[in-house]
Amino acid sequence: MKSRESLTRLKEFQVNEKRRQLQQLQMMMAEFDRMTKDLENQIVLEEKKSGISDPNHFAYPTFAKAARQRADNLQVSIRELQVQEDALETSLEEMQAEYAKAAALEERDGSGPVRARA
């Protein structure tokens, strides 16, 4: 029953890999969110310093305009990453179900105790 043991290990590896990918994605989203907040703080400071808070004003600070665009781009990226996160979570759930089946088969066949469950 070596093949069942190999299948179980493969499924366990796939589950762990999806978890790692999900964690990386969540860390990236948190970093983008932090960067957005920093940019928004810089925009507020720049607007206070210049006394102009209307982005359509002809003398609106160039730095604030660029920072606003960057913050908007980061928000778009966060939304796109959230879509990826949802897909990864679904995929992870499927992988966990496959791993549970493989582990149950291995256990049923008496191949020995199954390693740590995912």
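Is Glu47 buried or exposed? Glu47 is buried, with a relative accessible area of 14%. Buried means under 20% relative accessible area, exposed over 50%, and partly exposed in between (1.4 Å probe, protein chains only).

## Basis of the model

This is a predicted model, in which local features need pLDDT of at least 70, side-chain atom pairs count only at pLDDT 80 or more, and totals for chains, interfaces and linings use all residues. Residues are numbered from 1 along each chain as its sequence is written, and side-chain values use heavy atoms, with hydrogens and water left out.

Helix H1 covers residues 2–50. Helix H2 covers residues 62–108. Helices (H or I, at least four residues) are DSSP runs, numbered from the N terminus.

Two packed helices are described by the angle between their axes and the distance between the axes. Here the axes of H1 and H2 come within 7 Å and cross at roughly 165°. Axes are lines fitted to C-alpha atoms, for helices over the stretch in contact, and angles run from 0 to 180 degrees between N-to-C directions. H1 and H2 are therefore roughly antiparallel to each other (angles over 145 degrees count as such). H1 passes H2 in a left-handed crossing, meaning that the near helix is turned anticlockwise from the far one by less than a right angle.

Gln21 sits in helix H1. Its relative accessibility is 28%, so Gln21 counts as partly exposed. Gln21 and Glu85 are 64 residues apart in sequence, yet 9.1 Å apart in space, C-alpha to C-alpha.

## The loop

Gly51 lies in the loop between H1 and H2. Gly51 is exposed, with a relative accessible area of 64%. Gly51 and Pro61 are ten residues apart in sequence. Their C-alpha atoms are 9.6 Å apart in space.

## Salt bridges between the helices

The count comes to eight salt bridges. A salt bridge is a side-chain nitrogen of Lys or Arg within 4 Å of a carboxyl oxygen of Asp or Glu.

Glu98 and Lys11 meet through their side chains in one of them, at 2.8 Å, N to O. Glu98 lies in helix H2 and Lys11 in helix H1, so the pair ties together parts that are 87 residues apart in sequence. Glu98 is partly exposed at 33% relative accessibility, whereas Lys11 is buried at 16%.

Arg68 and Glu47 form another salt bridge, at 2.7 Å, N to O. This pair links distant parts of the chain: Arg68 in helix H2 and Glu47 in helix H1, 21 residues apart. Arg68 is partly exposed, with a relative accessible area of 30%.

## Salt bridges along the chain

Salt bridges that share partners join Glu31, Arg34 and Asp38 into one network.

Asp33 and Lys37 also meet in a salt bridge, at 3.1 Å, N to O. Both residues lie in helix H1, four residues apart, about one turn of the helix. Asp33 is partly exposed, with a relative accessible area of 30%. Lys37 is partly exposed too, at 46% relative accessibility.

## A nonpolar patch

Leu7, Leu10 and Phe13 make a nonpolar surface patch of about 280 Å². Patches are made of residues with over 30% relative accessible area and no salt bridge: like charges are joined within 9 Å, nonpolar side chains (Val, Leu, Ile, Met, Phe, Trp, Tyr) within 5 Å. Accessible areas come from the Shrake-Rupley method with a 1.4 Å probe; for residues, only the protein chains shown count as cover.

Phe13 belongs to helix H1. Phe13 is exposed, with a relative accessible area of 53%.

Technical notes. Helices (H or I, at least four residues) and strands (E, at least two) are DSSP runs, numbered from the N terminus. Angles under 35 degrees count as roughly parallel, over 145 as roughly antiparallel, 65 to 115 as roughly perpendicular and the rest as oblique.
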